[in-house]
Amino acid sequence: QTPLIAAIQGGHKDVVLKLLNSGRSINLNPKEFQNIAAAVVRMRDPQILAKLLQSGGEMESSKMNAQNILWAAADEGEPLTVKVMIANHTPLDHQDRFGQTALIRAAMHGHKTVVDLLLKAGADPDIATLNGNTPLMLAANMGYEVLVLKLIYGKAAINLRNHNGNSALMLAAEAGNLESIKILLEYGAKGHLRNKKREQAI
């Protein structure tokens, strides 16, 4: 572990800035960057963020570092960092190894402001995980009623189904989230659809 990585993981801003400003070459590969991305986001320091994004070396490494920061910011619910990454033209719909986009990760954690920012910036609300779950399905299942509405207003398709044949309405019903059920029905969710087990939401 390098002194820079140790300082980042320890949250020592002054030390991190000193190391970044030392003039030494800093080339963090994507795997190293992935491991420290959340700690970088939690620092909430635009100067540190900018310097680290410039340290990627090769173009592909730089792009992957930026992507890891966006994903971490979505996980952590850090709107300021998300704004920086949007302004940096970081791809919004890039998927991780589980098929999760930044919007999916923000929706999973109930981060309303980040979901808003990503939708307004053009993130696709219908990209699904490897299991076929869209942000709307995840929000409905978790009982995040405000996010269910935001995603519907953001043009999310209401009756898409995952690989088990479950729609957002089915997942809300399965979890007993009454408010999500009401919202989905009000905006056109179909209660008669059946999943692979031949189950219906209503």
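Lys155 is exposed, with a relative accessible area of 70%, where exposed means over 50%, buried means under 20% and partly exposed lies in between (1.4 Å probe, protein chains only). Its phi is near 75°, a positive value in a residue other than glycine, and Lys155 belongs to the loop between α10 (145-153) and α11. The model is predicted, and for that reason local features need pLDDT of at least 70 and side-chain atom pairs count only at pLDDT 80 or more, whereas totals for chains, interfaces and linings use all residues. Residues are numbered from 1 along each chain as its sequence is written, and side-chain values use heavy atoms, with hydrogens and water left out.

**Overall architecture**

- The chain contains 12 helices and 0 strands, where helices (H or I, at least four residues) and strands (E, at least two) are DSSP runs numbered from the N terminus.
- Along its principal axes, the C-alpha trace of the chain spans about 65 × 25 × 25 Å.
- Of the 202 residues in the chain, 48% count as buried.
- Contact means heavy atoms within 4.5 Å, and among contacts between residues at least 6 apart in sequence, 67% join residues at least 24 apart.
- The chain exposes about 10500 Å², of which carbon and sulfur atoms supply 51%; accessible areas come from the Shrake-Rupley method with a 1.4 Å probe, and for residues only the protein chains shown count as cover.
- The mean positions of the 22 positive and the 18 negative charges are 1 Å apart, with Lys and Arg counted as positive, Asp and Glu as negative, and His and the chain ends not counted; each charge is placed at NZ of Lys, CZ of Arg, CG of Asp or CD of Glu.

- Leaving aside neighbours within four places in sequence, Leu136 is in contact with Val148, Leu151, Ile152, Ala156, Ala157, Ile158, Ala168 and Leu184.
- Helix α11 (residues 168-175) has Ala168, Leu169, Met170, Leu171 and Ala172 as its buried residues, and these pack against α9 (135-142) and α12.
- After α11 comes Gly176, whose phi is positive, near 75°.

**Salt bridges**

- The count comes to 6 salt bridges, a salt bridge being a side-chain nitrogen of Lys or Arg within 4 Å of a carboxyl oxygen of Asp or Glu.
- One of them joins the side chains of Arg42 and Glu76 (2.9 Å, N to O); because Arg42 lies in helix α3 (residues 30-43) and Glu76 in helix α5 (residues 59-76), the pair ties together parts that are 34 residues apart in sequence.
- Both partners of this pair are partly exposed, Arg42 at 45% relative accessibility and Glu76 with a relative accessible area of 30%.
- The side chains of Arg44 and Glu78 meet in a salt bridge (2.7 Å, N to O), and this pair links distant parts of the chain, with Arg44 in the loop between α3 and α4 (46-53) and Glu78 in the loop between α5 and α6 (79-87), 34 residues apart.
- Arg44 counts as exposed at 55% relative accessibility, whereas Glu78 is buried, with a relative accessible area of 10%.
- A salt bridge also joins the side chains of Asp96 and Arg105 (2.8 Å, N to O), and salt bridges that share partners join Asp75, Asp96 and Arg105 into one network.
- Asp96 and Arg105 are both buried.

**The segment after α12**

- Arg198 is found in the segment after α12 and has a positive phi of about 70° although it is not a glycine; at 57% relative accessibility, Arg198 counts as exposed.
- Glu199 is placed in the segment after α12 (178-186) and is partly exposed, with a relative accessible area of 40%.
- Leaving aside neighbours within four places in sequence, Glu199 is in contact with Met170, Leu193 and Arg194, and Met170 is one of the buried residues of helix α11.
- The C-alpha atoms of Glu199 and Ile183, which are 16 residues apart along the chain, are separated by 21 Å.
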